[in-house]
Amino acid sequence: AAALKNALMAADLETITEERTDMLNIIQPDETEATALNNYRDGDAPASKLRLCEAFLLTLTEAPRFNAKLICYTTFYTAAKVLRGVQVDLEALATSMQQLRTSRALQELMKVTLQVSNFMNSHSSRLAKAIRIKSVVKFAQMKSHSGNGTLLMAVAKMLGSGFPLAGEVIGLRAALAVDSSALDASMTDVGRAIRTSVKELELWVAEGGGPGAAALQKEVCQLEAFFLETAKRREESEKSSKELLAMYGEDPGEDLKEWLGQANDAVVALTAAIERNEALARAQEREVRLEAEKQKRLAMRQSRESQDSFDATSSASEVDDGRATGSM
C-alpha cells in the first residue's frame with residue numbers, strides 16, 4: 001500500500017496503470033467511509049483493529065487530496081477516448097445536416113408535395129405556402145382519388161423512378177444513431193473532470209510533485225485544449241441544427257433528433273412508394289404482354305381454323321368436280 005501511495009504521489013504512470021486506476025476507482029472510500037478512516041488516522045481509534053483491506057485504504061488515502069489525484073489519472077486514461085467518441089458523433093450529425101441542407105431532391109419532394117396538397121385543397125381560399133416534412137409521411141397514409149394507391153405514390157410518380165433522395169441523404173441513419181443527451185452528458189462529465197485535474201495538478205506541481213506530475217500536467221493541458229475544441233464543435237452543431245430546422249419551416253427550438261426521425265420516415269416512405277409504383281408498372285407491363293400474347297395466339301388459332309375451313313371446302317369442291325366428270 002505504501003509503495004502504491006508513493007507511486008500515486010509521484011505520478012508514476014508505469015505503476016498507476018489504467019487497470020490499477022479502474023481498481024482504485026472501484027475501491028475508493030465514499031464520504032462516510034473516508035470519515036471513518038480519518039478517525040483511525042487521527043488516533044481516535046486504534047489502527048490495529050482495521051481489517052487488511054481497510055488498512056490498505058488508510059495508507060493509500062494518506063496521499064494529499066487522494067480523490068482529486070485519482071480524477072487526474074482517470075482523466076488522463078479516459079478523457080481522450082470519450083472526446084474522440086463525441087467527435088465521431090458530431091461528425092455524423094454535421095455530415096447528415098449538410099446533406100439535408102443541400103439536397104435538391106428533398107427540396108423537390110417538399111415542393112411537389114406542397115403542389116399536390118394545394119391541388120387537393122384548391123376549393124379553399126387559403127392555400128399553403130410551405131409544408132412540413134411530416135406531411136410527406138401523412139401522404140403515405142392517404143388514399144389517392146383513384147383508390148389505386150396513396151397520395152405519396154402519386155407524388156413519387158411525378159418525381160420519377162430514378163429520384164435520388166435516398167442517395168443524397170445517406171448519412172441520415174448514422175445521425176439518427178447519435179444520442180445527443182448522452183453526448184452532452186459525456187461532455188459535462190469530461191469537462192468537470194478536466195477542470196478538477198487542472199486545479200489539482202497546479203497544486204501538485206507547486207508542492208514539488210516532480211517530473212511525473214509535470215508530465216501529467218502537460219498531458220491534461222492538451223486534453224483541456226482537445227475538450228475546448230470539441231465543445232466549440234458542439235456549439236457549431238447546435239447552431240447548424242437550428243438553421244436546418246428553420247430552413248425547413250420548423251421551430252429552431254425543436255429537438256433535432258425528432259425531426260431527423262421524421263425526415264428518415266419521409267425518405268423510407270418515398271422509397272417504398274417508388275418501389276410500389278415500379279412493381280405496379282411491372283405488373284401492368286406483364287398484363288399487357290400476356291394480353292398481347294393471348295391475342296397473338298387467338299389470331300393464330302383463327303388463322304389455322306380459317307385455313308382448315310378453306311382446305312375442307314377445296315377438298316369438297318374437288319370431289320364434286322370429280323363426280324361430275326365421271327358421270328359425263
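**Exercise 1. Find which residues Ser 103 touches, leaving out residues up to four places away in sequence.**

Solution. Start with the contacts. Ser 103 touches Leu 165, Glu 168, Val 169 and Tyr 248. Contact means heavy atoms within 4.5 Å. This is a predicted model: local features need pLDDT of at least 70, side-chain atom pairs count only at pLDDT 80 or more, and totals for chains, interfaces and linings use all residues. Residues are numbered from 1 along each chain as its sequence is written, and side-chain values use heavy atoms, without hydrogens and water.

Ser 103 sits in the loop between α5 (66-102) and α6 (104-120). Helices are DSSP runs of H or I with at least four residues, strands are runs of E with at least two, and both are numbered from the N terminus.

Last, check burial. Ser 103 has a relative accessible area of 1%, so it is buried. Buried means under 20% relative accessible area, exposed over 50%, and partly exposed in between, with a 1.4 Å probe and protein chains only.

**Exercise 2. Describe the fold and the spread of the protein chain.**

Solution. Count the elements. The protein chain holds 13 helices and zero strands. Now take the spread. The radius of gyration is 39 Å, well over the 20 Å that the globule rule gives for 328 residues, so the protein chain is more spread out than a compact globule. That radius is taken over C-alpha atoms, and the rule is 2.2 Å times the number of residues to the power 0.38. Then the box: along the principal axes, the C-alpha atoms fill roughly 155 × 60 × 35 Å. Finish with burial: 34% of the 328 residues count as buried.
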